[in-house]
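Hi,

Here is the structure for you to look over. My notes follow below it.

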Amino acid sequence: MNGYLGFALRRLVQAVVVVLAAYVFTFVVVSVLPGDPVTNVLRNPENGFSEDEITRIVAYYGLDQPVHIQLWRSLSNFLTGDLGVSLRSNRPVADMIGEVLASTLVLAAAGLAVAIVLALAIAYGTRVLPARWGQGVLRSLPSLFLSVPNFVIGLVLIHVFAFQVGLFRVIDPESVWATLFAAIALGIPVSAQIAEVLITNLDHESRQEFAAVARSRGLSRARLFAAHLLKPSSLPVVTVLALTVGELLGGSLITETVFGRTGVGSLVQRSVTTQDLPVLQAVVSLAAAVFVVVNLLADLVYPLLDPRVRAVTGSTRRRRAVDDGSLGAGAAA
Amino acid sequence: MSVAGLTTAEARESALDRIRSLRVPPGVALSFAVIAVVIAWSLAPGLFTGQDPVNGVPADKFLPPSAAHWFGTDQLGRDLFSRVVHGTASSVSSALIAVVIGVIVGGSIGLLAGFLGGWVDTVLARLVDVLLAIPSFLLAVIVVSSLGFDTTNAAIATGVSAVAVFARVMRAEVIKTRRAVFVEASFLQGGSHLHILARHVLPNASRSLLALAVLQFGLSILVIAGLAFLGYGDPPPASDWGLLISTGKDYLKWPWLVYAPALVTIATVLSVNRISRWLRKTD
């Protein structure tokens, strides 16, 4: 267990470094741009900052100081949990994110649920459908899903279910139906990645001897799938699920726009057009933190779930699962 | 390896044989055909449509698809097919820019990390970890917002968001090849690092890199369309596919304004993905 503990500690340190680096990275990317966005925003009469407020904000961020001191100041604030103050609304960034976080988390969680259910259904179909062409259609679904822009899925759903069927109203984006369809739009591309890995693993497991033995005992395809193939095939999916977190967070940016929801995505959009650096920095490092923590958990839990890899660390098997699954899954994440 | 002894006819025949020996499945052949059409659209849009993509006939607005207007007309009475065809060059070339940036920057990072190893590898690997941890679409949005909103910058941003993936694959390939016996042999025969890199490592890595580049090309079309959809690309009257779909979303009562450009986008990306899959399988 000593090896495992060392592995866990090493990964934890890496995770913290990655989150801090993401914060610095956003700062560098946004400050590298030509022009001085901060002054542009502050001096913009539209934003209506008084001279006093400007002096206060400039002093708070040390905007009159050289860039590396600005970075050091905001980074040390970040380390103490202070996400800073929005340049646009002059409100604490933590409050602004806190207001919209729940809506995005609900959407992302629902999207993930849709993705898992859909991927399982597709994978089950490829094993159980009797007709060869039916299996072929199901096998090509993931690559179709990966070829459709996710805002198109959303628009089609709105066109069909809001305009034609009248199941929900576009002006009421937080209703249950609207949320469900937003989750479907978000989940479909993600389900493709899960399904691809799942199908590859199922193919691999069904060629193993235990599957042949089970088949020779006269097990039905459905029973073989449920009792023997699913568990070994879905364990590597744990790590793929963790990798899709980024996809869910990035995708919610567009899905929220399509469905007119307020959330982190719409906050990012507003902050991008107003160059609200503190908000962008906070959202990016938060997204990186979520990604890193989820992947860390997946890596740490994996050896505990799968007895075959308990002896070593999870990293080798994780890589195998992802690479085997296809370039697509890895690349799209 | 000389072909000097062959007549032209023989050479042509052997070239045909080589194509035939690749045994291209029908789906892949169809995909190549779709891509050929898309390339033709982007090179010479005027050959495929005589209608003006920018100035419409206001009286003809919101006409459904017909023989005269294959994709119908938009809110200003412009022929949608013409707009899609004329928007192809921008949509395709920006995806190309993104892939080139990804291959060159990501490839170099992966090459350096894998070939030099040691602390260079450690530092670059951490950098790639950071890039991977930021959701790639969010990364593209941040970068384009800092560069300024136009289609070229959206392409650059998309390329930046793909750097990490290329770096990771390149590094893995380089490390795999570097450990091979023939590389050791070449090294023992006095081959320099540069010689080994150019003669052994790069050719061996090129196949998986090519498949990834083709896949990323399709993905880049989607990401750039997404950025255009959010309004981070060129403004109208440009007619990038993502922008057309974005404009169409305000007129869902005339759904072809969304469906036509969307179908073109999907057909293109699907074909690109099919080709990438085939390139990987025929390894």
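On a 1 Å grid over the protein atoms alone, a cavity is a set of points where a 1.4 Å probe fits but cannot get out. Lining residues have an atom within 4 Å of a point. Grid points are joined across faces, edges and corners, and a volume is the space filled by probe spheres set on the points. The count is seven cavities of 30 Å³ or more.

This is a predicted model, with local features needing pLDDT of at least 70, side-chain atom pairs pLDDT 80 or more, and totals for chains, interfaces and linings using all residues. Residues are numbered from 1 along each chain as its sequence is written, chains are lettered from A and ligands numbered from 1 in the order written, and side-chain values use heavy atoms, without hydrogens and water.

The largest cavity holds about 420 Å³. Its lining has 24 residues; Asn150(A), Glu247(A), Phe137(B), Leu219(B) and Val223(B) lie nearest the centre. α11(A) gives the largest share, five residues. Helices here are DSSP runs (H or I, at least four residues), numbered from the N terminus.

Now the helix pair. α8 (193-229) and α10 (256-281) of chain B pack at about 170 degrees, axes 9 Å apart. Axes are lines fitted to C-alpha atoms over the stretch in contact, and angles run from 0 to 180 degrees between N-to-C directions. The two are therefore roughly antiparallel (over 145 degrees). Contacts (heavy atoms within 4.5 Å) join residues including Leu210(B) and Phe217(B) in α8(B) to residues including Val269(B) and Ile275(B) in α10(B).

Best wishes

Definitions and conventions:
Parallel < 35°, antiparallel > 145°, perpendicular 65-115°, else oblique. 1 Å grid on protein atoms, 1.4 Å probe; cavity = no way out; pocket = protein on both sides within 12 Å on 5 of 7 lines; lining within 4 Å.
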